[in-house]
There are 2 protein chains.
Amino acid sequence: MDSTMPGAKEPNPADLIWSERLKTTFDINKMHEFIEGSESEALETLRLMQQLERDPVLNTGAAYYQLSKDEHREITARKIARMGQYMEIDAPNYSRFQNRLNLIAVVDPQLGTRIGVHLGLFLGAVRGNGTEEQFNYWAKERGALSIKGVYGCFAMTELAHGSNVAALETTATYNKQRDTFEINTPHVGATKWWIGGAAHSATHTVCYARLIVDGKDYGVKTFVVPLRDSRHVLHPGVSIGDIGAKMGRDGIDNGWIQFSHVEIPRKFMLSKYTSITDDGEVLDPPLAQLAYGALLGGRVTMVTDSFRTSERFITIALRYSVGRRQFTKKGQKTENQLINYPLHQRRLLPYLSWTYGMAIASHAIQLSYKQTLEKLDEAVESGDFQQLQQAIAFLKTLFGESAALKSTCTWTCLNLIEECRQACGGHGYSAYSGFAKGYVDHAVQCTWEGDNNILAQNSGRITVQKVMAFKKSGKASGEYEFLAKASETGDILAPDTITHLGKQVSAFDTLILRLSLDCIEALKENNDWDSIAPEKLALSKLYACRFILAKWVEKLNSLNEHNGDIVTPLVLLAQLFALSNIEAFGSQFLRFGIVSASTFKAVLEKIGILCREIRPLVIGLTDSFKMSDFFINSTLGSYNGDIYHHYYGVVKMLNEPSKIKAEYSADFEQNLHRGTVEERENFERTSQTLRKL
Amino acid sequence: MDSTMPGAKEPNPADLIWSERLKTTFDINKMHEFIEGSESEALETLRLMQQLERDPVLNTGAAYYQLSKDEHREITARKIARMGQYMEIDAPNYSRFQNRLNLIAVVDPQLGTRIGVHLGLFLGAVRGNGTEEQFNYWAKERGALSIKGVYGCFAMTELAHGSNVAALETTATYNKQRDTFEINTPHVGATKWWIGGAAHSATHTVCYARLIVDGKDYGVKTFVVPLRDSRHVLHPGVSIGDIGAKMGRDGIDNGWIQFSHVEIPRKFMLSKYTSITDDGEVLDPPLAQLAYGALLGGRVTMVTDSFRTSERFITIALRYSVGRRQFTKKGQKTENQLINYPLHQRRLLPYLSWTYGMAIASHAIQLSYKQTLEKLDEAVESGDFQQLQQAIAFLKTLFGESAALKSTCTWTCLNLIEECRQACGGHGYSAYSGFAKGYVDHAVQCTWEGDNNILAQNSGRITVQKVMAFKKSGKASGEYEFLAKASETGDILAPDTITHLGKQVSAFDTLILRLSLDCIEALKENNDWDSIAPEKLALSKLYACRFILAKWVEKLNSLNEHNGDIVTPLVLLAQLFALSNIEAFGSQFLRFGIVSASTFKAVLEKIGILCREIRPLVIGLTDSFKMSDFFINSTLGSYNGDIYHHYYGVVKMLNEPSKIKAEYSADFEQNLHRGTVEERENFERTSQTLRKL
């Protein structure tokens, strides 16, 4: 409590938040279970959260937001060591460790990446592209699986080549006499670039390089290349530098690597698929697609990360919107809460619905990923052609789904963070609100491990191809079964059916079908897939919306009667998700006549009504994420709602007011007290002087 | 040149950029004149640019992107001193200094703000709200006009009150006996917050506080309050602290201020409008609106800043898109340039057209601002009621225009920076590309000096009111004259007229009219302006688009025949501007039938065609901005196009590769070499031990 004069009336945001909290109409434990997928998953999440937030080494807090790059790196290194200990206790339950990693990444994304590169990319590549013996050696015997002995990085990207793996220029030339490869960087453009962990940490890398045998180029393959020895000293021929300052994720020591004729043993080539026999013969079975399976893990993780990150930031913005008052409504005396403004609801609540939708997407794609990897392992082990074909089919589905969901969800999350920041007004610009680092850290998710625009093109192309096949055969199956039910003409939604979830799904089905048919028409004319790029982009986003909405309906149908009254809010959110995306793609829905002008008007009105209905539930709906203050890490979004004191306290604690002068004060003051221009010019331009000259 | 083995073929982006540059079809000097408004303005801009970029103190460069907050503050203080010298040589031509400031703000936004707060906000308020004597004393006699003696800040915002000035809680209580005011902060929520320059620099502030005389609250007025004395030591009763870490603009020492019963002389109240007589009587003429005139300068400047900042970032992304190759098109051997992909064109070229559009908006609003201030000064001086009424009408127009343009242009620029970053792939994430600091620095423009959403509501409301008045009187005048020509029914664009600039303007006119009529209908039902918030938001953006397009057409019509072939590209850009905004508001155009479904399809196709036509001109169209490498300050966007060597060189120079170990290396290595879990547990859980227990 501070001293105040009688009559001074402080704002009390905590009161506003608590009074709404107490009116929550549903069981937030049940809602949390829905969000997490099941009761057991909900408990597992809470168990892991509790361990992480109490861990002294993994601590973040407001001070985290003002660390320098070097401090971030140092602290991140310490946290990696700590996470290594958790790996040891989690083993062999690596999916638990992955969940743990996904959680800590919400509040410390750079830490997630640092370990993700080692575990998901380096070891993922060794597992996906290497033989069992190779995996056993590097991961187990050498200890990489618990961050011991070997710390890996992933040297794919080159300075002049990003997403286009097939065009990489680093070479791995086989030397038959010595039974070795020579890894070489031909020119600056082929320098490995952006390699996370390379600058100062990694002992080894998986290097993507063109396999050259007897002058023949076999395309890009993968090789384990040692970078540093047991003293952590760079091997000769290996040049590494720090990439330096980035937009965000300062805790990652991204580096560049040049190989100057570095020799590695033949057995360091990862050879589950491609190998060179003892006689120097190249075995290169046409199963290259399978080699990329493990890499999809990153994309799948990013769907989960978008969901978790969105949980965090929408909670901050919504709590603030309930606690903050601004402007007086006609006839009222006290200022109105931000969230009571229809525009504020329209800005934030569709993103709340997206957050719930991304939870559903995250579980679905995680399951799909797990099943695909199992199929793949079984198939490769069996060597059975049919099983392999089936596994490849699974992989293709996962490829399409993950392309659409990774791109759509990471974009949505980035836009969500920015909208939430703006919704918190000036205070959203304070680093301690969390938005700043949240934005710059998340931004890269739209770019790496498959640029969003490229992925969306892939996804959109698949959809058009599926529609082509459907038109040809009249049959649609798997995740495209909906095509068979979609209509080629007529409107789907009428003003009185716009909130019918089944009809809403049908509206998306239909738009996907009609837009694809339009693309097919265009292709008939020019056969140029690039010419339909904007449509493919739209199709990818529509696919993601449709995917989420359809799964949402399924999940709602599977709820039992002991659901703690969560059905009503979940239905409202699903309806808002559908309608706000119909608004977003309004020009497409309208031009194909899937909604008429009058229906569209009804959609816009209904969005406003749904927002009003969801409005009283926002504290409950964000409390249901069960993100403790550790995971929120924002002065604006703590659970207790005491926004101003918390914020003021953090600012004072981290910026000692007794330090009333800055380092530069003396110079600054001197300048304020400088003499006149004439004095500083020694009066050499005065008329008196000029008369002398 | 680096050593390369025979046969190694480096990418050569410079070659690609130069070969396109040489094919430019128009006179870039003429284009630069168009962009700058006239030949003399173009020369003035170049003259100022040359002085700024050669100045040793104002230097930025790649190293700028990795400065710490303290370093930014120190360097910014030095630059303020330097700019003070330019103020002295520019005086009394303050509009030249303002141009200079706007230019340096493109490459060093925080410096622009630091001086802008002192000059535009502090002195702007003294000029706008103070008497001539007050302005003469603080600005001239004390030296503030050339940053001498007095360095001002602007204490409006409070912790619990941002945009809602009327609800501020700091008090200024008049003490008749002592003829002084007591300035007081009643509680933490009323702490002045975000005050740029307060933390360590300002000697004085203009403080917004409630005037209390004899217990009566006269509302919020402005007072000059000294913060620090001539030794730069805080006055007793004044508590100031540093706001700490922010999203961007680290060079600004934003602070918080609490006043604890601080006494100031009566004459420190700025009293052009409100004053207290020697007898203690409050004179408070109902001209409060006039007091806000000077504050609009900030909004006007932000339109210019959005234009300049967009010039900078679109140049980087387009040069990179020409120099960078990625993926091979069917039948081609070398990879394709990014800009050749239709999607890449669709992502960037509408933003290029916006940049040209914002140039036009910037000149128009600057002119309008200048004229309004002149009218205002004349009117106040004359004291003539009719002149005052006229001046207020000018002010209202400027208020509406600046609200729509500030919000629309700052949002567009922010989205442009992010899209350009993503369009540069991974390298856009390097701090040295410029996007990172560009984004975080610009982000606050959407929030401060009138939150964009609030401003858009104001602008939209004005439009609806104008349409109401037009419907009532049948007359429309001034900037809303277009309403008289807009149509209430029927479609405006047909497939064969979609590129007709006049028809395009009419399409926007019509949408503005029809959407407003819809709002009026809704208001009849509920009379709740908040219920039409999304429509007001759309109307504000539409107003900005229409404003720009209409001015664009005027400017094209005024070009003489010696125009150096700039008409063709300018028409293409204007058409693309119009059509891409018709696409953006597609659902509105479609639902009101202003474009039919088939016309809309033609619009989408035509956008693709326009992009293809503009494609070969992108180097010329960005060279025409004449932004030297100093202003571009990006490894990806230099004029010579040698992207990879430049980038690699900067990274190596700023991150010395010979430093092969990090501070944390020893700890990190030790962790990699840690013993087994059993060893670290002293074997206390082994079965051997457990048998003993």
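A residue counts as buried when its relative accessible area is under 20%. Keep that cut-off in mind as we walk through the aromatic rings of this predicted model. Tyr356(A) has a relative accessibility of 1%, so this residue is buried. The value for Phe625(A) is also 1%, which means that Phe625(A) is buried too.

Over all chains, the count comes to 45 aromatic pairs. One of them joins Trp138(A) and Phe268(A): the ring centres are 5.2 Å apart and the planes stand at 75°, so this pair is edge-to-face, a class that takes angles over 60 degrees. The two partners come from distant parts of the chain, 130 residues apart. Trp138(A) belongs to helix H7 (residues 132–141) of chain A, while Phe268(A) sits in the loop between strand S9 (262–265) and strand S10 (275–276). With a relative accessible area of 3%, Trp138(A) is buried.

Now back to Tyr356(A) and Phe625(A), whose rings form a pair of their own: their centres lie 5.4 Å apart with the planes at 45°, so the pair is tilted. Tyr356(A) is part of helix H10 (residues 342–382) of chain A, and Phe625(A) is in the loop between helix H19 (618–623) and helix H20 (629–632) of chain A, so the pair ties together parts 269 residues apart in sequence.

Rings also meet in a group: Trp193(A), Trp256(A), Tyr647(B) and Tyr648(B) are linked by ring pairs into a cluster.

Finally, look at charges over rings in chain B. Arg21(B) places its charged end over the ring of Trp18(B), 4.5 Å from the centre. Likewise, the charged end of Lys541(B) sits over the ring of Trp411(B), 5.0 Å from its centre.

Note on methods: Residues numbered from 1 in each chain as written. Chains lettered and ligands numbered in written order. Predicted model: local features only at pLDDT ≥ 70, side-chain atom pairs only at ≥ 80, totals over all residues. Heavy atoms only, no water. Phe/Tyr/Trp six-rings, centres within 6.5 Å; stacked < 30°, edge-to-face > 60°. Helix = DSSP H or I, 4+ residues; strand = E, 2+ residues; numbered from the N terminus. Buried < 20%, exposed > 50% of the residue type's maximum accessible area, 1.4 Å probe, protein only. Lys NZ or Arg CZ within 6 Å of the ring centre and 35° of its normal.
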